[in-house]
Amino acid sequence: MSGDVELSTLYARRFDAADEAFKAAVWRILWRRVFSRYIGQGDVLVDVGGGYCELTNVATASRKIVVDLNPAARERAAPGVEVHTTSAEDMSFLADGQANVVFASNFLEHLPDKAALTRTAREVRRVLAPGGRFIAMGPNVRLMPGTYWDWYDHHVPLSDRSLVELLVTTGFELEEVVPRFVPATTQRGPRWPFLVTAYLALRPFSSWLAGKQFLVIARKPA
């Protein structure tokens, strides 16, 4: 929960059917145009804070796992997607080194404090195989310091720089750091999927103009 508010209630109020349909379309495009290059068909993929399973439902991997405290995640999971309603700080259902990729989108800022964030980073490192990737994206507080706090369940302000510092100090090696990746939210502006495709095709110019979320990709040392 976030401040004793039920997650299922909070997100059901925040996102309507049109929001969810557009988000699903966006994630299909993001998978095809961006994230499929980092996640292989034979990989074990773990999506922490996976929410409504938008990425995991469309990803191609040998085993697809969503970790989320919101019980509604089970209702949204496609066939073949495992859902574990547990904290990302304790993924004891996975052995050491069992995952090839851990993905986190707009999740880390929802953790209650930086101590929880540190524990989560260490747990991600534990479950990753040597050479495995941690892919994290989220609101860059350097670029959206005001609107960032409009969301009731945002607790930990992060920038690309602060996340990089955490990952390096917890034993990760950096692969790619993009301070400006995608816009802040899918809930503003026209909802035309072809614009998402055009935005990605025009990167990095489009990201320089409108990117408000970071993308950080790190590896567990081999």
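Predicted model: local features only at pLDDT ≥ 70, side-chain atom pairs only at ≥ 80, totals over all residues.
Reader: Before we start, what does "partly exposed" mean here?
Author: A residue counts as buried under 20% relative accessible area and as exposed over 50%, and partly exposed covers what lies in between.

Reader: Where does V177 lie, and which residues form a nonpolar patch with it?
Author: V177 lies in strand 6, which covers residues 173-178. On the surface, V177 forms a nonpolar patch with V168 and L174, and together they have about 220 Å² of accessible area.

Reader: In what order do the strands of the sheet come?
Author: The open sheet is formed by 7 strands in the order 3-2-1-4-5-7-6, and the pairing is mixed. Strand 3 (81-84) and strand 6 stand at the edges with a single partner strand each, so one side of each has no neighbour in the sheet. From one strand to the next, the twist averages 15°.

Reader: How many bridges join strand 5 to strand 7?
Author: Strand 5 (residues 128-139) and strand 7 (residues 213-219) run antiparallel and are joined by 7 bridges. As for individual residues, M137 stands opposite L215 in strand 7.

Reader: What packs on the sheet?
Author: Helix 5 (residues 114-127) packs on it, touching strand 4 (99-105) and strand 5, and the direction of helix 5 makes about 145° with that of strand 5. Helix 6 (residues 160-169) lies across strand 5, strand 6 and strand 7, and runs at about 15° to strand 7.

Reader: Let me pick a residue in strand 7, I217: buried or exposed?
Author: I217, which is found in strand 7, counts as buried, at 0% relative accessibility. Leaving aside residues up to four places away in sequence, I217 touches Y38, R133, F134, I135, L174, E175 and E176. The C-alpha atoms of I217 and V177 are separated by 6.4 Å, although these residues are 40 residues apart along the chain.

Reader: Changing topic, how many salt bridges does a search of the whole structure find?
Author: The search finds 8 salt bridges. One of them joins R119 to E89, with the closest N and O atoms 2.6 Å apart. That pair links distant parts of the chain, since R119 is in helix 5 and E89 is in the loop between strand 3 and strand 4, 30 residues apart. Both partners are partly exposed, R119 with a relative accessible area of 42% and E89 with 25%.

Reader: And which residue forms a salt bridge with R126?
Author: R126 forms a salt bridge with D96, and the closest N and O atoms are 2.6 Å apart. R126 is in helix 5 and D96 in the loop between strand 3 and strand 4, 30 residues apart. D96 is exposed, with a relative accessible area of 59%, whereas R126 is partly exposed, with 24%. A network of salt bridges links D96, E123 and R126.

Reader: What about R142 and D160, why does that pair tie together separate parts?
Author: Their side chains meet in a salt bridge of 2.7 Å, N to O. R142 lies in the loop between strand 5 and helix 6 and D160 lies in helix 6, so the pair ties together parts that are 18 residues apart in sequence. D160 counts as buried, at 5% relative accessibility, while R142 counts as partly exposed, at 37%.

Key. Residues numbered from 1 in each chain as written. Heavy atoms only, no water. Patch = residues over 30% accessible without salt bridge, like charges linked within 9 Å, V, L, I, M, F, W, Y side chains within 5 Å. Areas by Shrake-Rupley, 256 points an atom, 1.4 Å probe, with all protein chains shown as cover. Salt bridge = Lys/Arg side-chain N within 4 Å of Asp/Glu carboxyl O. Helix = DSSP H or I, 4+ residues; strand = E, 2+ residues; numbered from the N terminus. Pairing = 2+ DSSP bridges. Axes fitted to C-alpha atoms, helices over the stretch in contact; angles between N-to-C directions. Contact = heavy atoms within 4.5 Å. Buried < 20%, exposed > 50% of the residue type's maximum accessible area, 1.4 Å probe, protein only.
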